[in-house]
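Please look through the sequence and the model shown below. The paragraphs that follow go through some of the side-chain arrangements in turn.

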Amino acid sequence: MTGATKPLNPRGTKYERADFPVFEFPVVGKARYNYTTGEALGRFLAGLKDGRILGTYCNKCGRVFVPPRMYCSYCFREVDGWVEVRDEGVVVTAVMSYISATRARLEKPVAVGVIKLDVPGRTFDDHFFPGLMHYICGATEDDVKSMRIFGARVKAKWKPPEQRTGSITDIECFEVVRP
């Protein structure tokens, strides 16, 4: 193959040396739309409004889905039922983000992570587990960079019941549970 060039660094470029472009898109008007949640997501969001995290489970493979699904994507069959998941768990991975949930640029970064949620009577490995990606309050930038936050126990910090709307933001964040 003529003209092919070998990459300068086949293992990638260190983050500190990479020059990332910045793209900004102005907001043009407002879009109005309706979205039908369906049975699984609708019941999940109603549970959040009540201060509960709901999931579905498949008896054949043992997986629990949070957010819930109506069909097991591993066994290609309908799920067997619903389960209430605890609002506590363990941080599996985390990053510091300068981008908000609405894609606005933040002045101070926030910790965002994947939370492996506890399900009474069930255990899961590190590859297939019920979990949510959410903010982690109380985690510092150093906690994330040093990976101290990985494996930390966390608990959901809920909005007061009268402020809940049936949205994932009914959970303000997951707070680190300090021993």
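Asp 80 is partly exposed, with a relative accessibility of 33%, where buried means under 20% relative accessible area, exposed over 50%, and partly exposed in between, computed with a 1.4 Å probe on protein chains only. This is a predicted model, in which local features need pLDDT of at least 70 and side-chain atom pairs count only at pLDDT 80 or more, while totals for chains, interfaces and linings use all residues. Residues are numbered from 1 along each chain as its sequence is written, and side-chain values use heavy atoms, with hydrogens and water left out.

The side chain of Asp 80 meets that of Arg 77 in a salt bridge, at 3.0 Å from N to O; the term stands for a side-chain nitrogen of Lys or Arg within 4 Å of a carboxyl oxygen of Asp or Glu. Arg 77 is likewise partly exposed, its relative accessible area being 28%. Over the whole structure, a search finds 12 salt bridges. Arg 148 takes part in a salt bridge with Asp 142, where the closest N and O atoms are 2.7 Å apart, and in another with Asp 143, where the corresponding distance is 2.9 Å. Elsewhere, salt bridges with shared partners join Arg 86, Asp 87, Glu 88, Asp 118, Arg 153 and Lys 155 into one network.

The next subject is the aromatic side chains. A search of the whole structure finds 2 aromatic pairs, a pair being rings of Phe, Tyr or Trp (its six-membered ring) whose centres lie within 6.5 Å, with planes under 30 degrees apart counted as stacked, over 60 as edge-to-face and the rest as tilted. The rings of Phe 65 and Tyr 74 have centres 6.3 Å apart and planes at 10°, so this pair is stacked. Phe 65 is buried at 5% relative accessible area, while Tyr 74 is partly exposed at 39%. Tyr 74 also pairs with Phe 128, edge-to-face, at 5.3 Å centre to centre and with 80° between the planes. Because Tyr 74 lies in the loop between strand S3 (71–72) and strand S4 (77–78), and Phe 128 in the loop between S7 and strand S8 (131–137), the pair ties together parts that are 54 residues apart in sequence; strands here are DSSP runs of E of at least two residues, as helices are runs of H or I of at least four, numbered from the N terminus. Phe 128 is partly exposed, at 36% relative accessibility, and Phe 65, Tyr 74 and Phe 128 form one aromatic cluster.

What sits over the ring of Tyr 74, 3.8 Å from its centre? It is the charged end of Arg 63, which also sits over the ring of Phe 128, 3.9 Å from that ring's centre; the criterion is NZ of Lys or CZ of Arg within 6 Å of the ring centre and within 35 degrees of the ring normal.

Finally, Lys 116 lies in strand S7, which covers residues 105–117, and is buried at 17% relative accessible area. Leaving aside neighbours within four places in sequence, the contacts of Lys 116 (heavy atoms within 4.5 Å) include Glu 88, Val 90, Phe 124 and Pro 130. The side chain of Lys 116 reaches the backbone oxygen of Phe 124 at 3.2 Å. Lys 116 and Gly 131 are 15 residues apart in sequence, yet 4.5 Å apart in space from C-alpha to C-alpha.

Definitions and conventions:
Polar contact = N/O pair within 3.5 Å; in protein donor to acceptor, adjacent residues only side chain to side chain.
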